[in-house]
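The sequence and structure come first.

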Amino acid sequence: MDSWLKDLKVLDASNGIAGSFCARLLGRCGAEVLKVEPPASGDPTRTLAPFFNDLPHNEGSGLFLYLNGGKRSLTLDPTNAAGRRIFQQLVADADVLVESFPPGHLDSLGLSYDALSATNPGFVQISVSDFGQWGPYSAYQANDLIENAVSGLMYPTGFPDRQPVPSGGYLPQFISGMAGAIAALAALHGREESGVGQQVDVAMLEVAANYLETTLVLYTYQGIVRGRTGSTLSPPTPLCDMYRTRDGYMIVTSLTQQQRQSLFEMIGHPELVDTFESALSRAIPEEAKQTLWDSIGAWLGEQDTEEAFELSQLLRIPCAKVDSAENLFNDKHLNERGFFQKLDHPDFGEISLPGTGLTVEGEPAPPPAPAPTLGEANREIYQHRLGISDREMAMLGSGRVI
Amino acid sequence: MNVESKNLPLRNIRVVDLTRYWAGPYATQLMASLGAEVIRVEATVYVDAVRYMLPPDGIEDTEDPHNRGSYFHMGNRSKNSIALDLQTERGRDLLLGLVSIADVVIENYSARVMGNLRLEYEDLVKVRPDIIMMSMPSFGKSGPYRDYVCFGEALEGMTGLSHMTGHPDGPPVRSSGAYTDPGSGMWGVYAILAALQRRQRTGRGSRMDLSQQEGFIGILSDSVLDYTMNGRIRKRLGARHLSRAPQNAYRCKGDDEWVAISAENDRHWEALCTAMGRNDLLQNPRYRHILGRFRLQDEIDESINAWTTGLGAREVMARLQASGIPCGIVSKANDLFEDPHFKERNFFEITDHPSVGKFPHFGMPFKMSKTPGGSHSHAPLYGEHNRRVFCEVLGLGENEYNRLLEGRVSAEAPLIGD
């Protein structure tokens, strides 16, 4: 997979997770990715935990490493005239620009899509932002919490008697990175015939709203505003909840009659099948529901997670463990598949990185690569590719252009 | 809505879609929205369960319960539907006929099903040497869990997502939707589009598979990395953050109304105090530094709650955003359709379905300037495109088509099992 886009040039002028991940996904397929970072400080993602040995360091963020492995780093401030000219030169040579400036910022610098594509008609620009390039909220400030909230993902997450909570991690950012990579590849596919590129507006809010699943149709089709129910799934799956085991938690679901029968047999209550199936087409009475929940809970409370998981899968019941990062790292399945890839970092030693889950027959997984140190490619790109002299480089450096 | 597919970027791509439920259908719907011709191959007897899920009314008294499920409508827009029994020799032949003129085959059965049907990659390349095949089993095609069954509602437990979601003093919590499903769908489309680039350059097809579990762990990487780098199992944070404070969901005027506020830095904190008219907080030396605010966020949250409870969530959002503070309402489903931003950007796409009428659905995850894409037709009725695909695309005559129906190789409504 890491040779598929070998002739493709990507300029990653984004700051933050979404744009970086988007460019990283193109880089994984072999594209050359030049990351353009603010001089001195670099991409603010460099300041995000976790760090090697827990020591905050501009080159020591594991998240930055994961998002920028295999890229080259340039420093450049496109807000002044000299920086702008260099930016234009870099773009003229690129197939794809990934950027996450505040909406309208590039336009105000004279670097609008129309201006940038004037001499490069096949040019594709992925513009990633919180709320999109236009619309009433486009200038609003946001982050993962705000996107979770406004998109509607957060309200139904959590418990009815407490405040809503977002899902863990930087979900809106990462999925927006994926959306950006998809959009870039689609635009590249389209330009093969049309010859022209385009600008893509990736609003993290709208990507997040793609993950609402049945929250929307429950309301539009049935008038139900999905509320918080802990881990209990309100419709559509008739049986889905999380239960405590002796040493952790499990999620139990069942969709078919066969699965329910196996589940009830596993927990030693085959008689529950009748209660459940006879009530299925109508609402299940609260009392019967409680019996069901109590019976499953009582049985699982006596089991070890690992054993209960294996037994349920042996019986073809779609159950899952609730794994922590530690569980995942030690999981026999993930380890046998080689999911975690080791990288020997030149400065910090060994680190294990998660993969993507993608397998291509006949091709080994692309090996992980370290992230670039800030501005490591300045000399190579600016001098050798753009022909900037030593003297000019020094001037650009002292003027904080690069 | 009413998007013309002829100018869309994937207009020359034909996809044979063997997916069910949500992960695979999300992938093929996105491809259809980008112009691909997606042909859903549906079972004749055990049809996709989501066809029945969450109809606008009871399903008991309707003639076509299999066409009324909103779960199906939301994830299968702009696709074609044919019914075909792949377990029959004739059905298998017809599928291979379709594959021979297709670019992509995608399936999300559990790992062994395609082998049982003798429709593995080896079988497909015989009729289409450069076919791109994507399989998306929950746990991948190798390893001890390869044949295990799972749905997105449970799978997130094995990605770390549930463990990271919830309150610090409470149990893990499932998300409000099956996030691994659209997550896997996106990974699938990404890989397929990359494989199309490869085919364009080398003429070669690709056989690919995605472990839905692993794909999703890959997008929750920061907490996994904290373990692999520092041996730390992160605590659940509720609505708070590792390094920003104050940050939380705060109660507003009305029934279960909330607003999310996040002060990432000193500037946000100062603006927040000013907007709340709380000069005393601003002057409090214990709150001056982010570390102090982090340590004392319980009492700070009380002060913020005291202010927000008297105000509407939208009012708080407008006021704080005017001061440049990250803030947003915690939207309920009904709020989304009233939201001025979603409205102005025309995010929701209305489709007019023959069985249930007009309903809005979520729209594109991105807007392309020259080829915007989106839904160009309703989710198909069961077998709606039988004739078009069997007769016009595969060239069968009327009699041959009727024989498919008589022989239960195809159907115009789901069949009852033997």
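## Helix over the sheet

In this predicted model, helix H12 (residues 286-300) of chain A lies across E7 and E8 of chain A. H12 runs at about 40° to E7(A). Axes are lines fitted to C-alpha atoms, for helices over the stretch in contact, and angles run from 0 to 180 degrees between N-to-C directions. Contact means C-beta atoms, placed from the backbone, within 7 Å. Helices (H or I, at least four residues) and strands (E, at least two) are DSSP runs numbered from the N terminus.

Residues are numbered from 1 along each chain as its sequence is written, and chains are lettered from A and ligands numbered from 1 in the order in which they are written. The model is predicted: local features need pLDDT of at least 70, side-chain atom pairs count only at pLDDT 80 or more, and totals for chains, interfaces and linings use all residues.

## The three-stranded sheet

E7, E8 and E9 of chain A form an open antiparallel sheet, in that order. Strands pair if DSSP finds at least two bridges between them. E7 and E9 (319-321) are at the edges with a single partner strand each, so one side of each has no neighbour in the sheet. On average, neighbouring strands are turned by 15° against each other, direction ignored.

Six bridges link E7(A) to antiparallel E8 (residues 249-254). A:Met242 faces its opposite number, A:Ile251, in E8(A). A hairpin of four residues connects the two strands. E8(A) and E9(A) share three bridges, with A:Met250 opposite A:Lys321.

How many residues of strand E7 (residues 239-244) of chain A are buried? Five of its six. Buried means 20 or more other C-beta atoms within 10 Å of a residue's own, exposed 12 or fewer, and partly exposed in between; C-beta atoms are placed from the backbone.

## Chain A as a whole

Chain A holds 17 helices and twelve strands. Its C-alpha trace spans about 85 × 45 × 40 Å along the principal axes. Of its 402 residues, 57% are buried. Among contacts between residues at least 6 apart in sequence, 67% join residues at least 24 apart.

## Contact with chain B

In all, 126 residues of chain B are in contact with 123 of chain A. Helix H8 (residues 180-202) of chain B gives the most to chain B's side, with 13 residues.

E6 (residues 199-203) of chain A runs antiparallel to E12 (residues 367-368) of chain B, joined by two bridges. A:Val200 has B:Met368 as its bridge partner.

Terms used
Contact = placed C-beta atoms within 7 Å.
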